[in-house]
Amino acid sequence: MPRVTISRRGEDRARAGHPWIYRSDVEEVDAAAGDLVQVFGSRGRPVGHALFSDESEITLRMIAYGSAAAPETFIKDRLAAAIAFREALALDATACRLVHGEADRLPSLIVDRYGDHLVIQALSQGIDRRVPEIVSALVDLLQPQGILARNDPRVRLLEGLEQRVEVLYGDVPDRVAVREGAVEYQVDPWRGQKTGLFLDQRENREAALRYARGRLLDAFSYHGGFALALAPRCESVLAVDISEDAVARIRENATRNGLGNVEARAMNVFDELRELERQGARFETIVLDPPAFAKNKASVRKAMTGYKEINLRALKLLEPGGFLVTCSCSYNVSEDMFVDVVSAAAADAGVEVSLVEKRAQGRDHPILINVPETYYLKCLILRKLA
Ligand code: SAH
């Protein structure tokens, strides 16, 4: 079996339950791209089994710890376990994440379900090589109508893999109807952001529904995830997104769901918040769900400035007694950092705020307790007291 020897530091990391071993901790390699390898510590102790990449900075992705033999059927077994867990969640939706990479012990594999269609992303050499096995297991387990590979994320380039979108099984139309709670969407799995929808916010939309009322501002709305879920509880909804295409989808989805109180504007949120402030606009409910401002460590400072600005302006636009649902999906910004920056925004805005709920990504996107990087989505629900 192919084998890789790692440094003491790498061994400590793996023993602490972190599934990534970096190139700088790799000492000896007798393996080819995408191999399942046995991993040894520098003194020859077996550490476990991993998928090997000959290009990525993340050279090894652990799939099992200890000296036991690697289970031959790990792909199908783990897919089955991941799917069984999602079924047990009894989600009120026909779209959800079935496999969330490391957290389902299938590192760098994503599988999302949109009704009877599946969308997969294979984000490392080891998983890419096993796509035929993954597809056949998914067909056995779920009998989908079609499976699409959305292998266009840039991280594939770091693995030396090409970016490609293709049907792997059956057929996949460019409009798939799904339901989330009471809202029906038309999803484009071929071209939508991520694999079509921001599935990770489903439970935060459900939580926000407990508080939403009055005039709602949904900033960074994409296809209207929050706007449409909350509209039935609100008098009026203003959804803002910089993308014309996204705004067209919000309007289309609002009509499809018979929601007559939703207005959508194609605007830069930073400009729109300033303009609303100038006009003296006020809202009882505001949602801020920006894209990851900190895509890497170097951009964290600038990201914090961005988070501070939008939160400060939103808190000013909020009526006393109103609710702010504010999110960060940058994994480089920790929960503590995010709470700090929102607190600083409240202080600068001169408002008193209480923290009503502290939330994360939905349960179908589990967090690995030993891998802080997997807790990427933070969502605070705040109440403006005065
Ligand atoms: N809230 C959405 C997901 C938002 S994703 C949901 O629940 O589904 C982030 C969105 O922000 C994207 O649609 C992107 O087009 C938009 N965006 C990025 N920068 C922006 C800006 N400066 N102003 C307005 N929208 C922006």
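Aromatic pairs and charges over rings

Tutor: Phe 220, Phe 270, Phe 293, Tyr 307 and Phe 338 are linked by ring pairs into a cluster. This is a predicted model, in which local features need pLDDT of at least 70, side-chain atom pairs count only at pLDDT 80 or more, and totals for chains, interfaces and linings use all residues. Residues are numbered from 1 along each chain as its sequence is written, and side-chain values use heavy atoms, leaving out hydrogens and water.

Student: How many aromatic pairs does the structure hold?
Tutor: Six. Rings of Phe, Tyr and Trp (its six-membered ring) pair if their centres lie within 6.5 Å; planes under 30 degrees apart count as stacked, over 60 as edge-to-face and the rest as tilted.

Student: Why is the pair of Tyr 211 and Phe 323 classed as it is?
Tutor: The pair is tilted because the planes are at 35°, with the ring centres 5.0 Å apart.

Student: Are Tyr 211 and Phe 323 buried or exposed?
Tutor: Both Tyr 211 and Phe 323 are buried (under 20% relative accessible area, with exposed over 50% and partly exposed in between, for a 1.4 Å probe and protein chains only).

Student: And what about Tyr 307 and Phe 338?
Tutor: Their planes are at 75° and their centres 5.5 Å apart, so this pair is edge-to-face. Tyr 307 counts as buried at 0% relative accessibility, and Phe 338 is buried with a relative accessible area of 0%.

Student: Changing topic, which ring does the charged end of Arg 3 sit over?
Tutor: That of Phe 40, at 4.0 Å from the ring centre. The criterion is NZ of Lys or CZ of Arg within 6 Å of the ring centre and within 35 degrees of the ring normal.

Student: Where does Arg 205 lie?
Tutor: Arg 205 lies over the face of Phe 226, 5.6 Å from the ring centre.
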